[in-house]
Amino acid sequence: MQASRHDAWVGLFVLVGGAALLFLALKAGNLLSLNFDETYQVSAKFDNIGGLKARAAVKSAGVVVGRVESISFDDKTFQAKVVLNLHKNVQFPTDSSAKILTAGLLGEQYIGLEPGASEKNLAANDQIKATQSAVVLETLIGQFLNSKAADMGSAPAPAGDKK
Amino acid sequence: MTALTASLGLALRQTLAGVGWGARLFVQILARSLPALARFSLVREQVFFLGNRSLSIIGVSGLFVGFVLALQGYYTLQRYGSAEAVGLLVALSLVRELGPVVTALLFAGRAGTSLTAEIGLMKAGEQLTAMEMMAVDPLTRVLSPRFWGGFIAMPLLAAVFSAVGIVGGWLVAVPLIGIDGGSFWSQMQGGVDVFADVGNGVIKSLVFGITVTFVALQQGYACSPTPEGVAQATTRTVVISSLAVLAFDFMLTAMMFSI
């Protein structure tokens with residue numbers, strides 16, 4: 001049969017293509033970090049989430065313990081409601097606090113969980129009460145400028161200052 | 001003035017007829033998929049011809065595109081002090097855009113032209129007519145296996161292109177420029193989503209595979225059976241399939257990544 005001459009080569013080609021896809025999925029993509037572990041959901045309300053996005057990491061002590069499931073706006077309290085998926089094998093006290101942190105100066109934002117001291121642990125659908133909003137650069141610059149202006153106003157400006 | 005209107009009308013009617021004929025051919029090829037796939041040795045032969053034989057040009061191009069992406073990306077990113085993100089830049093541009101598109105353009109030049117020329121010469125040599133005389137359907141025996149061969153080969157080639165390109169980007173970024181290898185990969189893994197980026201890239205390459213292969217087959221099957229006809233059809237294959245790939249790429253990108 002004529003075709004059998006190329007069989008092995010075609011098989012090799014298909015395998016190489018499959019291996020390339022696998023490489024893209026595992027090495028370049030995040031298939032390995034996709035977690036099919038059991039999770040439980042807790043929510044937290046923030047005054048300002050800054051640039052936080054769904055699927056952002058939830059870290060405690062720098063270790064990823066979950067992911068942001070969804071972000072929505074609560075028009076009762078005018079706050080952002082963030083639903084977190086935490087890994088089932090990680091338990092946190094009920095008075096833990098969540099804050100939105102930034103990896104590096106311009107890096108992506110993630111949620112840092114600070115464990116509390118309560119005896120009881122967070123259960124599914126609980127709410128984390130203590131939250132700290134994201135640091136918004138504009139607000140920070142505004143505060144800096146305001147305090148600078150206040151300093152300038154209070155300090156007596158000597159005439160003919162070369163500085 | 002009337003002559004101009006008449007020629008415009010004729011051109012429009014011919015274009016419409018061509019599009020209609022092409023659509024009918026597409027449906028006919030698809031309708032004959034089962035008997036063509038049942039004789040899988042024919043399809044396998046085409047996968048060898050379209051896929052294996054294109055592997056070298058795809059691999060080398062992917063490697064160099066990866067090299068260049070890493071160099072150019074590093075040049076821009078190091079100004080903002082985020083040279084480690086070069087891995088992410090290389091991977092995202094390859095997986096989402098360059099992998100499928102450049103592979104499709106190379107595939108049109110390397111494989112599409114030979115499909116058109118082969119079928120055009122078969123037509124010029126009256127082999128297709130001879131097949132019909134022997135009650136062998138040329139669509140089942142010739143066109144459909146080639147279509148499926150291209151359909152199978154193209155996504156695999158695009159995946160090879162992207163993977164080789166990422167390795168090429170790594171070669172330039174990590175050993176040559178000296179970016180930290182760990183953050184090269186971790187930035188990439190943090191930013192590339194398997195379904196949104198890799199999956200959509202595969203969908204793109206499937207669409208491009210269908211486009212390029214079908215345009216090549218259609219041009220070959222429609223060409224006038226003369227040496228000039230075959231030459232013109234081969235040229236048109238490259239022009240039409242490249243333009244179609246770029247147009248489809250814009251539409252698919254707008255649909256997939258517009259959010």
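This is a predicted model: local features need pLDDT of at least 70, side-chain atom pairs count only at pLDDT 80 or more; totals for chains, interfaces and linings use all residues.

User: How many helices and strands does chain B have?
Analyst: Chain B has ten helices and zero strands. Helices (H or I, at least four residues) and strands (E, at least two) are DSSP runs, numbered from the N terminus. Along the sequence, the pattern reads α-α-α-α-α-α-α-α-α-α.

User: What does the C-alpha trace of chain B span?
Analyst: About 65 × 55 × 35 Å along its principal axes. Buried residues make up 44% of the 259 residues in chain B. Buried here means 20 or more other C-beta atoms within 10 Å of the residue's own; 12 or fewer is exposed, in between is partly exposed, and C-beta atoms are placed from the backbone.

User: OK, H3(B). Why call it largely enclosed?
Analyst: Because eight of its eleven residues are buried, H3(B) is largely enclosed by the rest of the structure. The buried ones are B:Leu42, B:Val43, B:Arg44, B:Gln46, B:Val47, B:Phe48, B:Phe49 and B:Leu50.

User: And H10(B), which residues are buried there?
Analyst: B:Val230, B:Ala233, B:Thr234, B:Thr237, B:Ser241 and B:Val245. Their cover includes H5 and H9 of chain B.

User: Switching to packing. At what angle do H5(B) and H8(B) cross?
Analyst: Roughly 45°, with the axes coming within 7 Å. Axes are lines fitted to C-alpha atoms, for helices over the stretch in contact, and angles run from 0 to 180 degrees between N-to-C directions. So H5(B) is oblique to H8(B). Under 35 degrees would be roughly parallel, over 145 roughly antiparallel, 65 to 115 roughly perpendicular, and the rest is oblique.

User: Who meets whom there?
Analyst: From H5(B), B:Gly87, B:Leu88, B:Ala91 and B:Leu92. From H8(B), B:Phe184, B:Trp185, B:Gln187, B:Met188 and B:Gly191. Contact means C-beta atoms, placed from the backbone, within 7 Å. By class, this contact has six nonpolar, three polar and no charged residues. Ala, Val, Leu, Ile, Met, Phe, Trp, Tyr, Cys and Pro count as nonpolar, Asp, Glu, Lys and Arg as charged, and the others, Gly among them, as polar.

User: Now the interface. How many residues of chain B contact chain A?
Analyst: 23 residues of chain B, against 20 of chain A. H3, H5, H7, H8 and H9 of chain B each supply at least two residues to that side of chain B. H7(B) gives the most, with six. That side of chain B has 14 nonpolar, five polar and four charged residues.

User: What's in chain A itself?
Analyst: Two helices and eight strands. From the N terminus the order is α-β-β-β-β-β-β-β-β-α. Of its 163 residues, 21% count as buried.

User: Where does A:Gln91 lie?
Analyst: In the loop between strand E4 (79-87) and strand E5 (97-102) of chain A. A:Gln91 counts as partly exposed because it has 15 C-beta neighbours inside 10 Å. Its C-alpha is 39 Å from that of A:Ala20, 71 residues apart along the chain.

Conventions
Residues are numbered from 1 along each chain as its sequence is written. Chains are lettered from A and ligands numbered from 1 in the order in which they are written. Two residues are in contact if their C-beta atoms, placed from the backbone, lie within 7 Å.
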